[in-house]
Amino acid sequence: MMTLAASSGVTERSFSVALGRVLSLRFLRARELGLQPDPELLYISAMFHDAGLLVPFSDTEQRFELDGADHARKFLLERGFSESAAEVVWTAIALHATPGIPGRMGQEIAATNYDVLTEAVGWGMDRIASEQVDEIVSAHPRGEFKKEFLQVFVEGLKDRPDTTCGTINADVLEHFVPGFRRTSMVERILDAPWPR
């Protein structure tokens, strides 16, 4: 995974630090919310949740979340994990950027989504003791996380913009890719081939 991260412009140290921070936050948030996810499945969901943004995982014309989920499932099944474990991780990764739904699903699925919200936009940071945040960031510095993360997003999505329709991913392209304009659901309904 680190080789893949490096091939996309993410340094091995940056990847390791981010994974450590993600795992620390993931377990902290899960405990705070009363969740008890399987640590191994949570680790694998952390490892693969943005893998679909990286080459070679972005070969297929589908949402990056599905790329990462498909490869995580394959990874687990090739290593003898059960179908049900692979399905849990697949769902956690496939829905990790979907608002509202994952929090009502299983432990690993909810924990993955809540962590992504915390890591990316600071959701729930007000409920984490500042000493804990300082400890995590000291052990796993964020560096230029915001800038680097958004750049990886742009690189992973710019050649498949149609996969961002109806998702938060379109926000990234709209902000960074000149000329990109999302198609709204209203436009899609009005332009549908139905006469009325």
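Q: Is Tyr114 buried or exposed?
A: Buried means under 20% relative accessible area, exposed over 50%, and partly exposed in between (1.4 Å probe, protein chains only). Tyr114 has a relative accessible area of 19%, so this residue is buried.

Q: Which aromatic pair does Tyr114 form?
A: Rings of Phe, Tyr and Trp (its six-membered ring) pair if their centres lie within 6.5 Å; planes under 30 degrees apart count as stacked, over 60 as edge-to-face and the rest as tilted. Tyr114 and Trp123 are stacked, with 5.0 Å centre to centre and 25 degrees between the planes. Trp123 is partly exposed, at 32% relative accessible area.

Q: What sits over the ring of Trp123?
A: A charge sits over a ring if NZ of Lys or CZ of Arg is within 6 Å of the ring centre and within 35 degrees of the ring normal. Here the charged end of Arg127 does so, 5.2 Å from the centre of the Trp123 ring.

Q: Where is confidence lowest in the protein?
A: This is a predicted model, where local features need pLDDT of at least 70 and side-chain atom pairs 80 or more, while totals for chains, interfaces and linings use all residues. Residues are numbered from 1 along each chain as its sequence is written, and side-chain values use heavy atoms, leaving out hydrogens and water. pLDDT is the predictor's confidence in each residue, from 0 to 100. Helices (H or I, at least four residues) are DSSP runs, numbered from the N terminus. Helix H1 (residues 2-7) is lowest, at a mean of 41. Where pLDDT is low, the predicted coordinates should not be read in detail.

Key
Helices (H or I, at least four residues) and strands (E, at least two) are DSSP runs, numbered from the N terminus.
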